[in-house]
Amino acid sequence: MIIDGSLPVGLVANTAAVLAMSLGRLHPELIGADLPDQDGQIHPGITTIVLPVLKSQPEQMANIARRARELPSGEVLVIDFTSLAQQAKTYGDYQSALSATQATALRYMGLCLFGEAAHIKSLTGSLPLLR
């Protein structure tokens, strides 16, 4: 995941949550089985993969998203979260705003990239962790 490092902590958390939900919907195999603790209480499955959260600026994320989308089909899944989505009151509002906005005008708040480690590293290798 890549998130705009200038966002306030609440929007960082919201952006990460939205991106993670979308990835989980598209790749349910990434979620482990429910697990019992010693007392028999069941804990719902969580991700089985490491999800580093990196920091970037919106312009750099736009460039990364563009480069990832230029790779052969299926190499890297790109899930984006833009300011249009964050500001929309309903999904219909988001749909309307997105359909009226050119891709080059989108302001990225976060990206989730999923694919082969080498591809992801080539796109994000220079980005620092979000701390």
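I am counting a residue as partly exposed when its relative accessible area falls between the buried limit, under 20%, and the exposed limit, over 50%. The model I am reading is predicted.

**Entry 1. Arg69 and Asp80**
I looked up Arg69 first. Its relative accessible area is 45%, so I put Arg69 down as partly exposed. I then looked for its partner. Arg69 and Asp80 join their side chains in a salt bridge, 2.7 Å from N to O. Arg69 sits in helix H2 and Asp80 in strand E5 (residues 76-82), so this pair ties together parts eleven residues apart in sequence. Asp80 comes out at 23% relative accessible area, so I call Asp80 partly exposed too.

**Entry 2. Arg66 and Glu70**
I stayed in helix H2 (residues 58-70), where Glu70 and Arg66 are four residues apart, about one helical turn. Their side chains form a salt bridge at 3.1 Å, N to O. I noted Glu70 as exposed because its relative accessibility is 55%. Arg66 has 41%, so Arg66 is partly exposed.

**Entry 3. Asp4 and Arg107**
I checked Asp4 next and found a salt bridge to Arg107, with the closest N and O atoms 3.0 Å apart. This pair links distant parts of the chain, 103 residues apart. Asp4 is in strand E1 (residues 2-4), while Arg107 is in the loop between helix H4 (91-99) and strand E6 (108-115). Is Asp4 buried or exposed? I have Asp4 at 0% relative accessibility, so Asp4 is buried. Arg107 stands at 37%, so I list Arg107 as partly exposed.

**Entry 4. Tally**

Key
Residues numbered from 1 in each chain as written. Predicted model: local features only at pLDDT ≥ 70, side-chain atom pairs only at ≥ 80, totals over all residues. Heavy atoms only, no water. Salt bridge = Lys/Arg side-chain N within 4 Å of Asp/Glu carboxyl O. Helix = DSSP H or I, 4+ residues; strand = E, 2+ residues; numbered from the N terminus. Buried < 20%, exposed > 50% of the residue type's maximum accessible area, 1.4 Å probe, protein only.
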